[in-house]
Amino acid sequence: MAPLQSISFMAAKTLTIDGELISAEEDQSVLEAARDNDLHIPTLCHLGGVMAVGACRMCLVEVEGSPRLLSACTTRVAEGMVVHTNSERLRKYRRMILELLFAERNHVCAVCVSNGQCELQTLAMNHGMDHVRYPYRHPAFDVDLSHPRYGLDPHRCILCTRCVRACWHVEGAGTLNVAGRGDASRIITDLNQPWADSETCTSCGKCVQACPTGALFFQGSAVGEMQRDRSRLEYIVTARERKQWIV
Amino acid sequence: MLLADLLQLKDSELTARRPVTLRCCLAAGCLSSAGKEVKEALDKAVAEAGLDDRVQVLGVGCLRLCCEGPLVLCEEQGKEPILYERVQPEDATSLVGTFKGGTTHVRRGDLQHPFFTRQVSVVLENCGVIDPDRIECYISADGYLALRDALREMSPQEVIHTITRSGLRGRGGAGYPTGLKWATVAKTRSARKYVICNADEGDPGAFMDRSILESDPHRVIEGMIIAAYAVGAEQGYIYVRAEYPLAIQRLNTAIRQAKTAGLLGSGVMESPFNFDVAIRIGAGAFVCGEETALMASVEGQRGQPHPRPPYPAELGLFGHPTLINNVETFANVPPIIRKGADWFAGIGTEKSKGTKVFALAGKINRTGLIEVPMGTPLRVIVETMGGGAPDGNQIKAVQTGGPSGGCIPASHLDTPVEYESLAALGSIMGSGGMIVMDQDTNMVDVARFFMEFCRDESCGKCIPCRAGTVQLYDLLGKLLERRASAADLTQLEELCDMVKHTSLCGLGQTAPNPVLSTLNFFRQEYLNLLQAENRTSAEPAATG
């Protein structure tokens, strides 16, 4: 019998998501495969064009055969995988995560530049979050308005690190970072200096485009005025890597 | 260094041995209570008494009974060994005087006590016996013979097969079959692979790995070289927490000595196999004991975990397949190669083979380091060997597994200590820390202590752990301040469930364990703390 030839092409995979059979490219994540087939899985820390980190836990899915819940954004598709994305248990966990976020810092939509355009707010509404069960912590942070064009308000930050990833992997400047640990973590510029003093920042604004909430914003925006184009970063990366220009 | 060299070194070491050896414990515990000064005083006293040709004073590693340190073990050929406890530098003269017919008031320990007699030293066989700063001492105790056998008599597959057949399971806490892990890394095709030793022992109250590294560093290095040979790696790292400066110092010395002797570097033992080891020091983060966070830290990145799969065997350090094992796991490798898989599989139980090192601490008479076969009942460990709780108090519970583990209540003390039986009770074996509690211990307070630890050590990447541990800590505080309602208790349980199942890494996934475990066995203590008007009439009033 002839030995198995080494396969030099990437075979497509077939898997089941919520009862629906779909096909996916071999190296796609479950999230990418779902989105390609118009199946919705909620996310917060995912940003098209930058690497997935699986931090927010919103995209957790149940995979038959796995005792643990897996983050769809970091889990590669496998042939014959059976995935459930919307069980009652998952919806309960998502709701709890959102409530923990709202209780963690000071997310006050009524006075926020991203009111109406915020991914956190949208997710909360979609999950029926009309109240928060956990005591609000009301931490006090300094708002960094030193930069001429942009502002960083940690009260609205959910530490998704999309801005950090965009800065490092799309712009390549490496200005933004996470300092501290646990709930004392915070986004800093350079060596924890005011943004205006940063020597690496190129003022490209990619971090502002990346931010899902109102933590990073254009100065001069009033409440609800923060318009951003979150797909711009994915556009840049797709053009760079695949030489495809999404119109 | 070839077999002939090893045997010759061993021979000359043993021949040079004098009739009397005074072994002075120089591990961290005894060192911190003047252990070094005791040794120096003994050196001086022996010289002054003109006994240099008859008595040698050796600085050794852990002599086990830490609570009675500084410890000195006196071994004279043809006589029963004597353990001297709480030795002070001033005692040196009278102690040495006993070899000339004099007496000393220094207290003697009971070496026949079960604390010593029930120990089975596999991992710790050289601890307290050899001088950790001398490779010749290690070689005189059959050191590096296992490496020689592996390199010259066995193929990498045979080495892995031996480890698999031995039944060795990871001693870092999870108990993953070591042979299977080695086989997975070996079978992953890659031009470059790494071996990492996880020496970031972070559980509060655990000092097993520290003792092994301070007392017998060459053993761990030998285990790593054998592992590297088996899986095909050429570079290894030992990630030690910065809070273990003595362990780092002893490891540095050992690595240097091994390199000089041709046991590390290119052409290990003059074979075609190359392997080098470097130390990487931690920076004070418990989360860096988690394997993916550890690797991120070694890479110079922020010590944050990433979701698994992919596992390190597939995607590890710098993107290459990596074998990562705990200190104690590596320390088991040389004896398994030397004495065979069947010998090791003959110790312990059906699913948990070999021995386990435990660090006994808390409300216990005999605080110290012990090594017992798997399957030893917990009661034997804490009552028979540990001597029970001091001042006539009763043991209420034993915490195993640190902040990731749970409590075993007194009613279950006959449980054999092995992976499956502890997991069945809602705890884990963990790395070996065993904290004993007495009847005055408030179990809710214990749960809060561990939750505070997890909250402080959470890396902050994922929300369930970062925000969940904060809320859980506050809820436990509310309970202890008697401001909590029954609804708060329900919320506590729901949050525990959510944090456990949605956290990204083991820290968050196991952070609720102490709460869940104490709720399971000591629920009444939680109920007693609820505000009076929130309790139903069926629940008793708080009795404190």
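Two strands count as paired when DSSP finds at least two bridges between them. The model is predicted. Its scores are ipTM 0.93 and pTM 0.94.

Start with chain A. Five of its strands form an open sheet, in the order S2-S1-S5-S3-S4. The pairing in this sheet is mixed. Strand S2 (20-24) and strand S4 (70-71) of chain A stand at the edges. Each has a single partner strand, so one side of each is left without a neighbour in the sheet. Strands of a sheet pair through backbone hydrogen bonds, either parallel or antiparallel.

Strand S3 of chain A, residues 60-63, pairs with S4(A) in the antiparallel sense. Two bridges join S3(A) and S4(A). Across this pairing, Val61(A) stands opposite Leu70(A). Helix H2 of chain A, residues 88-104, packs on the sheet. H2(A) touches S3(A) and strand S5 (82-84) of chain A. The direction of H2(A) makes about 160° with that of S3(A).

Chain A also holds a hairpin, built from S7(A) and S8(A). Strand S7 covers residues 176-179 and strand S8 covers residues 186-189. The two run antiparallel and are joined by four bridges. Val178(A) faces its opposite number, Ile187(A), in S8(A). Six residues lie between the strands. In the turn, Gly180(A) has a positive phi of about 80°.

Now move to chain B. Its mean pLDDT is 95, and 98% of its residues reach 70 or more. Residues 537-544 of chain B are another matter, with pLDDT below 50. Beyond near neighbours in sequence, that stretch has 12 contacts in the model.

Helix H7 of chain B spans residues 145-153. Which of its residues are buried? They are Leu145(B), Ala146(B), Leu147(B), Arg148(B), Ala150(B) and Leu151(B). The cover over these buried residues includes four helices of chain B: H1 (3-15), H8 (156-166), H11 (217-231) and H14 (327-339).

Take H11(B) from that cover. H7(B) and H11(B) pack at an angle of about 10°, with their axes 9 Å apart. That angle makes the two helices roughly parallel, because anything under 35 degrees counts as such. On the H7(B) side, the contact uses Leu145(B), Ala146(B), Leu147(B), Ala150(B) and Leu151(B). They meet Glu222(B), Ile225(B), Ile226(B) and Tyr229(B) in H11(B). By class, this contact has eight nonpolar residues, no polar residues and one charged residue.

H14(B) is another part of the cover over H7(B). Val327(B) is found in H14(B). Is Val327(B) buried or exposed? Val327(B) is buried, because its relative accessible area is 0%. Leaving aside neighbours within four places in sequence, Val327(B) is in contact with Cys197(B), Asn198(B), Ala199(B), Asp209(B), Ile212(B), Leu213(B) and Val220(B). Gly170(B) is 157 residues away from Val327(B) in sequence, but their C-alpha atoms are 9.5 Å apart in space.

Met443(B), Ala447(B), Phe450(B) and Met451(B) come from H18(B). They meet Pro514(B), Val515(B) and Thr518(B) in H22(B). This contact has six nonpolar residues, one polar residue and no charged residues.

Thr441(B) is buried, with a relative accessible area of 15%. Setting aside neighbours within four places in sequence, Thr441(B) is in contact with Lys396(B), Val446(B) and Glu525(B).

Finish at Pro114(B), in helix H5 (residues 114-117) of chain B. Pro114(B) is partly exposed, because its relative accessible area is 23%. Not counting residues up to four places away in sequence, Pro114(B) touches Gln119(B), Thr384(B) and Met385(B). Glu13(B) is 101 residues from Pro114(B) along the chain, and their C-alpha atoms are separated by 32 Å.

How values were computed: Residues numbered from 1 in each chain as written. Chains lettered and ligands numbered in written order. Predicted model: local features only at pLDDT ≥ 70, side-chain atom pairs only at ≥ 80, totals over all residues. Heavy atoms only, no water. Buried < 20%, exposed > 50% of the residue type's maximum accessible area, 1.4 Å probe, protein only. Contact = heavy atoms within 4.5 Å. Nonpolar A, V, L, I, M, F, W, Y, C, P; charged D, E, K, R; others polar. Axes fitted to C-alpha atoms, helices over the stretch in contact; angles between N-to-C directions. Parallel < 35°, antiparallel > 145°, perpendicular 65-115°, else oblique. pLDDT = per-residue confidence, 0-100.
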